[in-house]
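Here's a quick tour of a protein fold, starting with its strands and moving on to what's packed inside. Have a look at the sequence and the model first.

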Amino acid sequence: MQRVCVFSGASSGRLPAYAEAARALGMAAAARGLGVVYGGGRVGLMGVMADGALSQGGEVIGVIPQELVDRELAHGGLSELHVVGSLHERKALMAELADGFVALPGGFGTLDELLEQLTWSQLGLHAKPIGLLDVEEYWRPLIALARHAAAEGFVREADLAAIAVATDAEGLLDRLERLTRAERRRPKWSRPPEP
């Protein structure tokens, strides 16, 4: 894994622990030589995470729609900033540039980005690892819902097992690396057919 895509809120949320975790994730990724791809914003957890990676000399690539640039929400100090025409283009380019995904706490946009990657993984459209940084048990309700969906026969247990969950940045990045290595070792015949 060379780059990780981080989905996170454009708000900092209610608890200071969210921003602390975002900064720690950016710093930990940079310390490992992992590039970061994210939504390109300067505000909220997005900006804090990007600043954390930049503070350690990390590569940070932002992907942001022109409309948000026009609202002066783009981060001005990134390694690269790709300006795109729509949120759909943003998600597609972020996915293309990354080798794995991490979700920090966030709102509907973060959920949209995360669930799209989980769906694509479930369908076999990619084999990139996906992780949740479960700060202050933020993701526990979603994890409970996913377990309920599996119990009701809508999600396979193997798809649940492929999601890394950790409460700290280092632990999560370790788990993503293990999932990446496990995928490389998996025989090609066991992968879902290409679309």
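Strand S5 and strand S6 (residues 130-133) sit side by side in this predicted model, pairing in the parallel sense over three bridges. Within that pairing, Ala103 has Leu132 of S6 as its bridge partner. To get from S5 to S6, the chain goes through helix H5 (residues 108-122), and this β-α-β crossover is right-handed.

**S5 and its other partner**
- S5 also runs parallel to strand S1 (residues 3-7), and four bridges join the two.
- Which way do the residues of S5 (residues 100-103) point? Gly100 and Val102 go one way, Phe101 and Ala103 go the other way, and all of them are buried.

**The largest nonpolar core**
- As background, nonpolar side chains tend to be buried together in soluble globular proteins.
- Here the largest nonpolar core has 32 residues, and Leu25 and Leu133 are the ones that touch the most other members.
- Elements that each supply at least two residues of this core include S1, strand S2 (35-38), helix H2 (44-55) and helix H8 (169-185).
- Helix H1 gives the most to this core, with eight residues.
- Leaving out residues up to four places away in sequence, Leu25 touches Val6, Val102, Leu104, Leu133, Ala169 and Leu173.

How values were computed:
Residues numbered from 1 in each chain as written. Predicted model: local features only at pLDDT ≥ 70, side-chain atom pairs only at ≥ 80, totals over all residues. Heavy atoms only, no water. Buried < 20%, exposed > 50% of the residue type's maximum accessible area, 1.4 Å probe, protein only. Pairing = 2+ DSSP bridges. Right-handed = clockwise from strand over helix to strand, strands pointing away. Core = buried A, V, L, I, M, F, W, Y, C linked by side-chain atoms within 4.5 Å. Contact = heavy atoms within 4.5 Å.
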